[in-house]
Amino acid sequence: MARTALVTGGSRGIGAAISKALKAEGYNVAATYAGNDEAAAKFTEETGIQTYKWNVGDYDESKAGIAKVEEEMGPIDVVVANAGITRDAPFHKMTPEQWQQVIDTNLTGVFNTVHPVWPGMRERGFGRIIVISSINGQKGQFAQVNYAATKAGDLGIIKSLAQEGAAKGITANAVCPGYIATEMVMAVPEKVRESIISQIPAGRLGEPEEIARCVAFLASDDAQFINGSTISANGGQFFV
Ligand code: NDP
C-alpha cells in the first residue's frame, strides 16, 4: 500500500519540489501552506497534490489539520517539516516580534508538526521525520540570529528524536540546504544575490529538486540505518 507523506510549506519553493518528488515515488502526498491560497490552488491544479491550510506555529491548528489529513489520506508515514520564514535584521535592530515569529514557525512549528504524528508512528513501527534546516543553522549568519537559532535548534530536535525513535523503526534526519533558487532567495537584491553566488564554490545557486532528491532518499526503506544525520547540500560552501 502506498505510504502517506506530509510536507509542510509543500506548495511553494523547496517544499513544492519535495511534494512532487515524493508523489513521483508513489507516495500519497499532503502539502500544507500558510495563507497563499492562490499559489496553493495553482499547485493542486498543476500536480493533483491536495493542499491543506494551517499555521504550523499553532499547536491546536496543526493537530486538527493533521487529523484531517489522516482521515482523508490514511496514517502519515513520512513527515517533511519544511515550512520556514526569515525576518532578518542585524541583532541591534532585531525586534522581539521578529525573533518570536521565526521561533514560532521554524522551531515550534517542527514540534507542532511531529508531535501529533509520533504516537501513530511508534504504534505502527515505521516513520520518517525529515527536517529542512539550513547552512545558516550550521555556521550562523549576519542579521539572522533568529533564523540561525531555529535552524540549529532543528538539528538538536532530529538528533534527540533519532535516539527516541530508532527502536520503533522511526528515523529523524535533517537536510541543510545552502542557497537555493526559490522566492526566498530571489527576493534579495540582485547585488546581494551576486555576492552570495560568488561565495559558492559550485558557482551557482542550488535547485529545489536537488534538495527534494535528498529528502526522497531519506524517506526510503534504503535509508533505514541513517538516523540523526544531517545532509549538507550547499555546493561546497561549508563543511561540518
Ligand atoms: P518559500 O518562502 O518559497 O516557501 C515557504 C513555504 O512555507 C510556503 O509554502 C509557505 O506557505 C509555508 N509557510 C511559511 N510560514 C508558514 C506557517 N507559519 N505555517 C505553515 N506554512 C508556512 O521557502 P523556501 O522554499 O525557500 O524554503 C523552504 C525551507 O527551506 C525553509 O524552512 C527554509 O528556511 C529552508 N531553506 C531555504 C533555503 C533557500 O535558499 N531557499 C536555504 C536553506 C534553507 P505560503 O505559500 O502560504 O506562504
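The largest nonpolar core holds 51 residues, and A5, I18, V79, V80, I129 and V215 have the most contacts inside it. A nonpolar core here is a set of buried Ala, Val, Leu, Ile, Met, Phe, Trp, Tyr and Cys residues joined through C-beta atoms within 7 Å; buried means that 20 or more other C-beta atoms lie within 10 Å of a residue's own, with C-beta atoms placed from the backbone. Helix α10 (residues 208-219) gives the most to this core, seven residues. Helices are DSSP runs of H or I with at least four residues, strands are E runs of at least two, and both are numbered from the N terminus.

This is a predicted model: local features need pLDDT of at least 70, side-chain atom pairs count only at pLDDT 80 or more, and totals for chains, interfaces and linings use all residues. Residues are numbered from 1 along each chain as its sequence is written.

Setting aside neighbours within four places in sequence, I129 is in contact (C-beta atoms, placed from the backbone, within 7 Å) with V79, V114, I158, L161, I170 and A172. Among the buried residues of α7 are I158 and L161.

| Element | Residues |
|---|---|
| α4 | 96-114 |
| β5 | 127-132 |
| α6 | 135-139 |
| β6 | 170-177 |

In the chain, mean confidence (pLDDT, the predictor's confidence in each residue, from 0 to 100) is lowest in α8, at 84.

Definitions and conventions: Buried ≥ 20, exposed ≤ 12 C-beta atoms within 10 Å, placed from the backbone. Contact = placed C-beta atoms within 7 Å.
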